[in-house]
Amino acid sequence: PRRAELSVAFRVPVDHGLHARPAARVAAALAHVDAEVKLRARGREADARSTVAMMALGVERGEIITAIISGRDADAALSALAGLLNRVAEVVHAREQSQADVTHAPLPAPLAGACLGAVVAARGLAVGNAAPLQDTDPSVSSALGDAVAERARLAAAIDAVSAYLRGLAGASQSAQRGVLDAHLALLADPALQQQATAQIASGASAGAAWRSTLRGAAASLAALDDERMAERRADLLDIERQVLRVLGGAPPNASTALPERAIVLASELLPSQLLTLDASRLAGLCMAEGGATSHVAILAAAMGLPMLVAAGRSVLAIAAGTPVVLDAETGCLLVDPPAAELEAARALIAQRKRERAQDEADAQQRALMRDGTYIHVYCNLGAAAEAAPAVGAGAEGCGLVRTEFLFLDRVEAPGEDEQLAEYQAIATALAGRPLTIRTLDA
């Protein structure tokens with residue numbers, strides 16, 4: 001029987017990468033193996049039996065490559081590659097297993113008054129009650145035996161999630177829209193869809209194929225020696241979760257209920273999870289893991305939500321309803337503090353709220369230095385929807401409209417009528433204030 005296609009990540013251990021000699025060794029190791037092997041790296045693909053093609057990838061020491069293996073002797077080909085390259089999947093699996101062992105160990109609850117140190121992801125101060133986010137991985141059904149039906153189910157789920165995200169993006173400000181556009185691009189990635197389709201053809205269900213494909217891609221990013229790229233792993237896990245929820249029968253916009261003044265505690269919150277939380281009840285976020293440059297951190301800052309990350313697993317042991325102070329300025333989650341500290345934090349928040357209200361009231365005044373010099377305060381705009389909020393915040397005009405926003409994420413250039421309508425919408429929102437539209441910079 002023909003072996004199902006494998007997709008395995010490897011790290012190149014050779015000093016100067018896949019130059020002539022190591023590439024030749026890879027080709028020689030596969031010479032008599034009945035399997036097709038392709039190596040992917042840097043957006044390119046090479047036949048692993050071609051020394052020249054592998055050299056042309058330009059892969060250096062430490063880089064991650066993905067081997068796509070199929071054929072009767074796929075397992076033998078995998079063993080041959082593993083003898084020459086460092087298999088990332090095994091390293092990642094070992095790390096995940098170690099983390100799983102720790103995860104199942106009982107967690108002691110932090111003592112009252114404890115200050116849990118964390119990394120500030122979005123600045124601010126909040127007082128509220130702990131709201132642990134109980135969210136399990138969506139279940140995955142077994143194969144139904146009908147590859148055509150499973151492909152159709154997967155395509156329909158991807159389409160449903162994409163349509164939902166496009167709707168959110170159309171009504172969002174720039175920070176949210178940028179994250180949503182990134183997720184839409186991942187959902188449309190042909191390589192991910194092709195890998196999932198190949199696994200369905202080999203007998204996997206739509207859910208199992210999608211999960212395996214996204215987990216493999218996420219493991220490759222997590223293994224990179226690049227913190228920002230590793231944090232993009234959360235975006236892959238996010239679209240995995242969204243599609244699996246739809247496959248399981250849930251609507252794309254399923255929301256999570258929260259108590260009043262909730263400080264949400266989670267291992268690692270995903271962007272889609274944040275967007276489904278009731279913002280009117282949400283006071284702040286604290287994650288046991290995560291990074292300060294993650295997409296969920298960007299969203300939290302845009303929403304004005306204080307957020308801490310990398311607070312450690314002890315935050316997961318805090319009981320629901322426990323009073324907490326989230327200090328995303330010094331980097332501390334204060335657990336069940338004395339009444340005096342709670343009151344002091346509330347007083348400081350109230351003071352800042354009054355100061356912000358005064359700032360907003362003063363926003364329309366002219367900006368004058370002490371010597372009377374008048375400073376013009378203009379905004380930069382990347383969409384028509386940003387113009388009115390900028391004026392409300394005190395912008396006296398627009399110094400720069402980034403005209404490329406009309407040309408991004410589309411196949412055909414906008415016509416003159418559409419461009420005119422967008423620029424007119426900005427001019428109308430500015431209500432006679434100065435407007436500078438720069439020539440296209442794409």
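**Exercise 1.** In which helix is the place of H183? Decide also whether H183 is buried or exposed, and list what H183 touches.

*Solution.* The model is a predicted one, in which local features need pLDDT of at least 70 and side-chain atom pairs count only at pLDDT 80 or more, while totals for chains, interfaces and linings use all residues. Residues are numbered from 1 along each chain as its sequence is written, and side-chain values use heavy atoms, with hydrogens and water left out.

Step one is to locate H183, which lies in helix α6 (residues 174-187); helices (H or I, at least four residues) and strands (E, at least two) are DSSP runs numbered from the N terminus. Step two is the accessibility: H183 counts as buried because its relative accessibility is 2%, where buried means under 20% relative accessible area, exposed over 50%, and partly exposed in between (1.4 Å probe, protein chains only). Step three is the contacts (heavy atoms within 4.5 Å): leaving aside residues up to four places away in sequence, H183 touches L165, D235, D238, I239, Q242, P271 and H295.

**Exercise 2.** Work out which order the strands β16, β17 and β18 take in their open sheet, and what packs on that sheet.

*Solution.* Begin with the order, which is β16-β17-β18 in an open sheet of 3 strands with parallel pairing; two strands pair if DSSP finds at least two bridges between them. Because β16 and β18 (435-437) stand at the edges with a single partner strand each, one side of each is left without a neighbour in the sheet. Neighbouring strands here are turned by 20° against each other on average, direction ignored.

**Exercise 3.** Find where V377 sits, and state why V377 counts as partly exposed.

*Solution.* First, V377 is found in the loop between β15 (374-375) and β16 (379-381). Second, V377 counts as partly exposed because its relative accessibility is 39%.

Conventions
Axes fitted to C-alpha atoms, helices over the stretch in contact; angles between N-to-C directions.
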